[in-house]
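User: I've got a model open and want a quick tour. Can you walk me through it?
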Amino acid sequence: MTRPMSESQISSSPPDLDLTPWPAEVAQRYRALGLWTGDLLGDIAVQHIGLRPGGEAVIGPDARLTYAELEQEVQRLAVWWRGLGWEPGDYVVVQLPNTAAFVATVLSLWRAGLVPVMALANHRRAEVSAFVAQTNAVGHVCADGLGGANHAALAVDIRSGAPGLVTVLVGADGSHSVARDPRPRATRPRQLPEGWDDLPPSGRVALLQLSGGSTGTPKLIPRTHDDYLLSVRESNPICGTTADTRYLVALPCAHNFAMSSPGILGVLQAGGTVVMAPEPSPATAFALVEAERITMTAVVPPVAMLWLRAANRRTHDLSTLESLLVGGARLPDSVASQVRPILGCRLRQVFGMAEGLVNYTRDEDDEHTVTTTQGRPISPYDELRVVDDHDHDVPDGEPGHLLTRGPYTIRGYFRAGAHNARAFTADGFYRTGDVVVRHPSGHLTVVGRAKDQVNRGGEKIAVVEVESHLLTHPGVAEVSVIAEPDELLGERACAVLVPTGDPPSVSELRQHLHERGLADYKIPDRFIIADELPRTRIGKTDVGAIRHERTLE
Ligand code: AMP
Ligand code: DBH
């Protein structure tokens, strides 16, 4: 990247809406078909309060809550949030580690009509301040000791740039403390689509999920109650989630996979038990599987690989584990085939995206399909196209770009009109940026990617975002961040840079990105120096043609 261009320079014609609604007749059809039920996410567990009041709902390092206790906490907090002056429809950035408090917080925000923005616990100033600014959030709920995380200093930093922002710090024992920026809050109206008032509450924005992104500013994903609930509800029978399920949250809890595939919400809807792991190492996770008799869990491929390596010398009893869901990045076939022999449980591949579409391998799939494909879509109403560079459909068995639309795939990112014009087709298909092969059975194999992203073991890094931060260093004239293969992570990020003079050191560059407030996982694993960045005809860095490079120590 040499000259950053702001998104607004490209085009300003499509509107920057909070929610791009489905066309009215499509929405009507989804309702008539019973795909959208009108239910609200905040009520996802209410049926179990009477059915199994003493049943364990959520277990975390901070608390163990039965369904009755969870409901009580949700009610209490819902009232408390409103007491802060927060109004239905307001956005609240939630940044909490894997704890019971996370579940109570999100459910209670929904109960109060508020809209959580799902930040990750390891996000830092660059990310969180962008979420607050983009949404004009009224609050930032984060940890002050909860689950061992400490965002107190970050919260002060964020507040200093956000007049009127309210910080709610959650302590290790779940207690709340409040700090409010005294300046008047800038009121910026929400950008609501035409007909918003006619939408049922379930058709409005319920949460903003994060996109891995391929642009300089991370894009937010508006999911409605109706569409998110559909993906959760339909995931449960596919994954076999029941009231007996004991699900270990080994991924970061706010991630779309951990929330909804079938995740925390699927398990609560089924009346099962959610168990929060502070981190996914074999030592921690295996101990929890044994102690809490875990039956299902979900991880990214590098974690699956670490578990497989560690399982040979395990000392814990993993016999309760029935299924391991793996997704977020491509699982090598050779690793997939080891899951049952080594861990003794079923593998379920999951190819999903926070924008919507989720694919699962099924119980009835043969071994070959389970180890070589990333599954098929949840719903018969998911529409998929596999196309060439000119949007012409390619036959099954040939690789092409995956486009999709359907009852739980967004029609537009949050307030990103210009970007939406590129990321969606005119008739509403989302351009996933994934290159897939579709088999006659409808299963997909992910064979590549056509988006400016590094998928670092399931953690997505928008290369443009990292490049633009690196360009602010005076020693960097030009830079290109590329994906390079890594045995464990699948891919890692490498920054190729042309220095202005004497090259800066690696530690200086890392420190610079850290000071810019970038989350650690986005800091490149390797830096190399090149004389120049060769360009292809369309101006992209021609990675294969980089010469005279050397690794910076
Ligand atoms: P995001 O849009 O940030 O939610 O990330 C979703 C993206 O992760 C997908 O579009 C794929 O690029 C990638 N992804 C998720 N699951 C898989 C999988 N099982 N195999 C390959 N890529 C995956
Ligand atoms: O990578 C993802 O975003 C993802 C993977 C599996 C996802 O969002 C999901 C399942 O729901």
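User: Which polar side-chain atom lies 3.2 Å from an oxygen atom of ligand 1?
Analyst: One from Lys460. That is a polar contact, meaning a pair of N or O atoms within 3.5 Å; within protein, one must be able to donate a hydrogen and the other to accept it, and residues adjacent in sequence count only if both atoms are side-chain atoms. The protein buries 94% of the 500 Å² that ligand 1 exposes when taken alone. Areas are Shrake-Rupley values with a 1.4 Å probe; for residues, only the protein chains shown count as cover.

User: Before I go on, what am I looking at?
Analyst: This is a predicted model: local features need pLDDT of at least 70, side-chain atom pairs count only at pLDDT 80 or more, and totals for chains, interfaces and linings use all residues. Residues are numbered from 1 along each chain as its sequence is written, chains are lettered from A and ligands numbered from 1 in the order written, and side-chain values use heavy atoms, without hydrogens and water.

User: Which backbone atoms does ligand 1 meet?
Analyst: A polar backbone atom of Gly212 is 2.6 Å from an oxygen of ligand 1. A polar backbone atom of Gly328 is 3.0 Å from a nitrogen of the ligand.

User: Which strand gives the largest share of the shell around ligand 1?
Analyst: S14, residues 346-353, with four residues. Strands here are DSSP runs (E, at least two residues), helices too (H or I, at least four), numbered from the N terminus.

User: On to ligand 2. Which side chain has an N or O atom 3.0 Å from one of its oxygen atoms?
Analyst: Asn256. A backbone N or O atom of Ala354 also lies 3.3 Å from an oxygen of ligand 2. On its own ligand 2 has 280 Å² of accessible area, and the protein covers 94% of that.

User: Different topic. Why is S24 largely enclosed by the rest of the structure?
Analyst: Because seven of the ten residues of S24 (490-499) are buried. Buried means under 20% relative accessible area, exposed over 50%, partly exposed in between (1.4 Å probe, protein chains only).

User: Which way does S23 pair with it, parallel or antiparallel?
Analyst: Antiparallel, over ten bridges between S23 (476-486) and S24. Pairing takes at least two DSSP bridges. Val476 stands opposite Pro499 in S24.

User: How many residues sit between S23 and S24 in the hairpin?
Analyst: Three.

User: What about S25?
Analyst: S25 (526-529) pairs with S24 in the parallel sense over four bridges. Val496 has Ile528 as its bridge partner in S25.
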